[in-house]
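Dear colleague,

Please find the structure below, together with an account of what was found in it.

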Amino acid sequence: MVTLLTERGRYEAAASTEGESLWLPAVALSMATGWELKPEGFCRDEICVPLSRGRESEFRRGEEVDAAKLFRYAGQPLAASRDKSVWSFGTSAAIRSSALESLEAPDIGLPDLAGKVHRISDHRGKKVFLSTWASW
Amino acid sequence: MWQHLYDELKDYGFMVFAVAMESRGPEAARPWIEAAKTTYVSVIDADHRLAELYNMVNVPEAVWIDEAGRIVRPTEVAGSGDYFRKMDRVTRTLPEEGKAMRESMRTRYMDALRDWVKNGNRSEFAFDANAARGHVRKQTEDVALAHCWFRLGRHLHAAGRAEEAEAALAEASRLHPDSWNIWRQMGDMKLEGKPNPDFWGRVDKLGARRYYDKIDMPGMP
């Protein structure tokens, strides 16, 4: 089992690591990150990174995909613990920047002190002043 | 800090969504939230996910979002400025000149926010689409990777793997040196909330560069 940390949260998945590879069930990768290997390429939402012809077998074996290799191929950031038991998957600056430049406010749900999750989008119809602070 | 403003403006269709960047978890934020008796939304972001989504580097920063969910002011400093650098580092008090600057910046920022809440897109402080896009901070792939390392470091820290956590967080800070959030949160985790003795040294190293970016509003220094 490995732990996957993504902007959606934390997931546990059956996986095997070999060198720089992380073989995961394709459904686990999709659930944790939104990325899927499709006939048209490696895709999330409307974004698809085409795979070179004949290379699919490097990235897929049966129901499993090499998540690490796919992320590197698609220019998406990732980091792993030394023992490869924890993997952190991110989103490229190119995708982030284009999302922000669309001016559609990225949505997120975060817990209050009681653990209740609030989403920014819960407040559509109001003007929202989204602000940060910290104790440190 | 925002409760008074929220009370004043809530009947205009306004919400404050305040996010505490606290990787040590909700207990680090609880005393402040309870003391402020907040009635607006007040949530905890242990992984600094908001900083990742909105390209934030400091606190306090803010984003203004209209009724349709569109950003009318992208991430910027929420009314603070570098006057704090003139603070007496022993007594933590500001000289008169610094207090005046703090007051003037806060007032200008709050007045701008009031103006937008009451006048919407007619407010001079709500950017049109082109101006808003022009104010989106540029992001680099190093910054995107830094957020991965930060998230990994936070997880390892919470799992008790302190030495490896520290290395992961240091890597995040190396990749994203402009993020005071990452650097300060890293110190806070290591020191478990005690003041960071290296803070002023790192601030002083900025020299003529700003700690808080300039706020693009008339009259802001």
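V128(A) has I65(B) as its bridge partner in strand 3 of chain B. The two strands concerned, strand 14 (residues 127–133) of chain A and strand 3 (residues 61–65) of chain B, pair in the antiparallel sense over four bridges. Pairing requires at least two DSSP bridges between two strands; strands are DSSP runs of E with at least two residues, helices runs of H or I with at least four, both numbered from the N terminus.

The model is predicted: local features need pLDDT of at least 70 and side-chain atom pairs pLDDT 80 or more, whereas totals for chains, interfaces and linings use all residues. Residues are numbered from 1 along each chain as its sequence is written, and chains are lettered from A and ligands numbered from 1 in the order in which they are written.

Between the chains, 67 residues of chain B are in contact with 44 residues of chain A (C-beta atoms, placed from the backbone, within 7 Å). Helix 6 (residues 141–158) of chain B supplies the largest share of chain B's side, 11 residues.

Within chain A, an open sheet of four strands has the order 3-4-9-8, with antiparallel pairing. Strand 3 (16–18) and strand 8 (60–61) of chain A are at its edges with a single partner strand each, so one side of each lacks a neighbour in the sheet. Strand 3 of chain A is joined to strand 4 (residues 21–25) of chain A by three bridges; T17(A) has L22(A) as its bridge partner in strand 4 of chain A.

Yours sincerely

Terms used:
Two residues are in contact if their C-beta atoms, placed from the backbone, lie within 7 Å.
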